[in-house]
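Take a look at the protein below. We will walk through it one piece at a time.

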Amino acid sequence: REQLETAYVAPHTPTEEVVSQIWTEVLGVEQVGRHDNFFELGGHSLLGIVLVDRMCRAGFPATIRDLLTTPTVASLVSSLDSGSEQIVIPPNGIPTDCDAITPAMLPLVTLTPAHIEQIVQAVPGGARNVQDLYPLAPLQEGMLFHHLLDQKGDPYLQEAQLRFDTWARLEEFLRTLQTVITRHDILRTAVWWEGLPEPVQVVWREAPVMVDALSFEKTGDDIREQLRAHYDPRHYRIDVRQAPLIQSGITQDPATGQWWLQLVWHHLIGDHLTVEILLEEIELIQQGQDAQLPPPIPFRNFIAHTQQGLQAAEHEVFFTEMLSDITEPTAPFGLLNARDDEFELEEVWHVLESTLERRVRQCARKMRVSVGSMLHLAWAHVLGRLSGQHHVVFGTVLLGRMYGEEGAARIPGLFMNTLPIRIEVGERGVAESIQDTHARVTQLLKHEHASLPMAQRCSGVAAQVPLFTALLNYQHNRSSALQGKSSSEMACDGFEVFGEGDRSNYPVSLTIVDDGDSLGLLAQVAIPGQAQRVCELMHMIVEQLVGAVETDPYTPIQSIDALPESELSQLADSPQGRKQQQALKEKHYKKLKITKRKGIDLSVKK
C-alpha cells in the first residue's frame, strides 16, 4: 500500500547523522531518514533498550520515554536539545555497619520504627545485614499474592538441572554462583509482609546459598527424575522471607560418578533474562574474564522509576478507554478459570518453516511494523475463532525494561509484567488491522508497569469473572539482539545444563521465541489434544495473514481463516511435514527460554 511508504529524508545536522547511524546498526536496515519511525521500522522493546543504551554511550542521553513520545530521528534529537524530564533516584540512606535503621534512611518506602524493627529482627545479623528496603514491583505483588494463596506448592518456582563430570567442577560452579549472587542485590533479596502496610523487599548484605546433599537409591536417569520430584513445585515451597530465594540440592550418580545439581529459584527475583545474565556472568568469571563484567546496577533504581513514572490515574484513563465497553470475557474453549494450579497443561512445540518466517519478516517491513505486532494480530484471530469474539482481549507479557535506565538489559530482576490488550478481528482490512494492532502494542509499552488488577477493573466485565484466560508471551533472543552474536560463541566446559520451560498459570497460552532468523511456537492448553490444534491454527492464520498482505491488503481481517481440521491433520501427518518439523524441533528446543551455548547442552525435557 503506497500510503505506508515514507520518502527518505536525509539527516540535517551532525547529531541527526550520528543518531541515524546508530538506528541503522541497531535495526539492521540500510538507511534511516530523519522522519522514519523507530517502531514502524520494526523496532521493539528489547531493541529500544539497546538503542537507548547505544545512544547514551555515544553521548546522547536519551531515555525510553523519549523514544516512545518522539519515535523519529528528528523528533528525538529535538527532544534531546530541549532536555527531557529526568527521573531523580534518591540514594540509599542505610550506611555500612549500621546498628539502627531509621525511617529517614528509607526514601522509597514509608515505614514506622516499629515496622523496621520487626523486619530487622527477622534478618540474620540484624540491621548490619540489611542493605536496603523498598516496595515490590507490580508483577511481584501479584506473584506474592498467589504464593500466599497456594499453601500446597508454589506456581512461581523456576528450576534447572546441571550435570557435572567431577566434584571439583560442581564446587567451582557453586563458588561462582555465590559470587554472582553477591554482585546483584536482587539475588540477595527477601520479601516481608507480615504486620506491614505494604509488602517490602529486604536486601541482605550477605546471603549464602544453602546446598542440600541428597541421596537416592536408583541411578541413571532415575536420579534426575527423583531429584526433580523432590523439588516439584506442586508441593515444594521456598520461604520468600529468607534470602536468597535460590535453593539447591546435589546428589551423585554412583554408576557414573557424575554429580547432579538442582537449582530452584523464585520468579519474584527474576525473569527469563535474569537466567541468561546469571549464566553469562558465571561463564565470564570461570574463564577469568571478571574485568568484562559491568558494574552492577541496583534493582532499587527500577523501583524508583516505577514510583516516578506514569501515575495510576494516567494508567486508568488508558485502560478505561480501551476496555470499558468489553462486557464479556475472551475465554477460548470456554475456559473461564483464569488461574488454576490444579489443571494439567498439554504442551506442543512448533516451528514456522523458514520460508514462512522470511515472508513474515518481509511483510512486517512492508507494513512498517514489528514482527511482534503482526503475530499479536494473528494470535487475536486464533482466540477469536476459539472464543467466538470479535473484540478479543488477552494478556500480553511485557519486557518491563523500557523505563530508561542505562544498561537495563543487563540487570537481573523481575521487570516483566502481564497486561491486557484488546484487538479487533472484525470487518476492517488486513493492512488497517495490522497498523491498529501495532499502534495499540506501542501505546501499551508506555503503561508497562500498570497494575493488572487495576487494568481489569477498567473493563465492563463483572468483578468475579476474568477479563481474559489466554496469554501471549513474545520472547526476543537477548544474545543476538544485545551482542550482535550468537551465545554459542561463548564456551564453558565440564557440565551440562538442562532447562525447564515455564509453566503458564493460564489455561491457554502461546510463547513465541524469536531469535532473529526463526520463529518458534510453544502452546500450552489445559484440554488434551488442543495444544496441537492451537499451533496449527496459529500457523495457518499467520500464513493467510501474510498472503493477504502480499496480494490484497484490503482483505477483511474476519475473512482470514484456517483450513478445516481434516486438512490440517493431513498436512501435519505428511512425511515431508513430519521430517521438517522434527529437524526444526531438534534445533529450536534448545533455544527455548535459555539459548544453546558451546559446551553446554541447554535443552527442554520432553
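Start with helix α13, residues 371-387. Helix α13 lies across β9, β10, β11, β13 and β14 (519-525). Its direction makes about 160° with that of β11. Keep in mind that this is a predicted model.

What order do the six strands of the open sheet take? They run β8-β14-β13-β11-β9-β10, and the pairing is mixed. The edge strands are β8 (346-351) and β10, and each of them pairs on one side only. On average, neighbouring strands of this sheet are turned by 25° against each other, direction ignored. Another helix packs on the sheet too: α11, residues 312-323, touches β9 and β10. The direction of α11 makes about 35° with that of β10.

Now for the pairing itself. Strands of a sheet pair through backbone hydrogen bonds, either parallel or antiparallel. Strand β9 (residues 391-398) shows both kinds. With strand β10 (residues 417-424), β9 runs antiparallel, and eight bridges join the two. Find Leu 398: it stands opposite Asn 417 in β10. With strand β11 (residues 470-476), β9 pairs in the parallel sense over two bridges. Here Thr 396 stands opposite Leu 472 in β11. Is β9 mostly covered or mostly open? Mostly covered: seven of its eight residues are buried.

Move on from β11 to strand β13 (residues 508-514). Seven bridges join these two strands, which run parallel.

Strand β4 covers residues 200-204, and four bridges join β4 to β3. Thr 189 has Val 203 in β4 as its bridge partner.

Next, the helices. Two packed helices are described by the angle between their axes and the distance between the axes. Helix α1 (residues 14-27) and helix α2 (residues 45-57) pack at an angle of about 145°, with their axes 10 Å apart. Their crossing is right-handed. Which residues of α1 meet α2? They are Val 19, Ile 22, Trp 23, Glu 25, Val 26 and Leu 27. From α2 come Leu 47, Val 50, Leu 51, Arg 54 and Met 55. By class, this contact has nine nonpolar, no polar and two charged residues.

Two single residues are worth a stop. Thr 274 lies in helix α9 (residues 272-286). Why does Thr 274 count as buried? Its relative accessible area is 6%, and buried means under 20%. Leaving aside neighbours within four places in sequence, Thr 274 is in contact with Ile 269, Arg 401, Pro 412 and Gly 413. Asn 301 is found in helix α10 (residues 300-308). Asn 301 is buried as well, with a relative accessible area of 11%. Asn 301 and Val 88 are 213 residues apart in sequence, yet 9.4 Å apart in space, C-alpha to C-alpha.

Now turn to the backbone in the loops. Most residues other than glycine have a negative phi, and most peptide bonds are trans. Where does a cis peptide bond turn up? It joins Ala 243 and Pro 244, with omega at about -5°. Pro 244 is in the loop between α8 (221-230) and β6 (246-252).

Phi of Asp 97 is near 60°, a positive value. Asp 97 lies in the loop between α4 (73-82) and α5 (113-121). It is partly exposed, with a relative accessible area of 49%. Phi of Arg 368 is also positive, near 60°. Arg 368 is in the loop between α12 (354-367) and α13. Arg 368 is buried, with a relative accessible area of 11%.

Finally, step back to the whole chain. The protein has 19 helices and 15 strands. Of its 606 residues, 57% count as buried. Among contacts between residues at least 6 apart in sequence, 78% join residues at least 24 apart. The protein exposes about 24,900 Å², and carbon and sulfur atoms supply 51% of it.

Technical notes: Residues are numbered from 1 along each chain as its sequence is written. This is a predicted model: local features need pLDDT of at least 70, side-chain atom pairs count only at pLDDT 80 or more; totals for chains, interfaces and linings use all residues. Side-chain values use heavy atoms; hydrogens and water are left out. Buried means under 20% relative accessible area, exposed over 50%, partly exposed in between (1.4 Å probe, protein chains only). Two strands pair if DSSP finds at least two bridges between them. Contact means heavy atoms within 4.5 Å. Accessible areas come from the Shrake-Rupley method with a 1.4 Å probe; for residues, only the protein chains shown count as cover. Axes are lines fitted to C-alpha atoms, for helices over the stretch in contact, and angles run from 0 to 180 degrees between N-to-C directions. A crossing is left-handed if the near helix is turned anticlockwise from the far one by less than a right angle, and right-handed if clockwise. Ala, Val, Leu, Ile, Met, Phe, Trp, Tyr, Cys and Pro count as nonpolar, Asp, Glu, Lys and Arg as charged, and the others, Gly among them, as polar.
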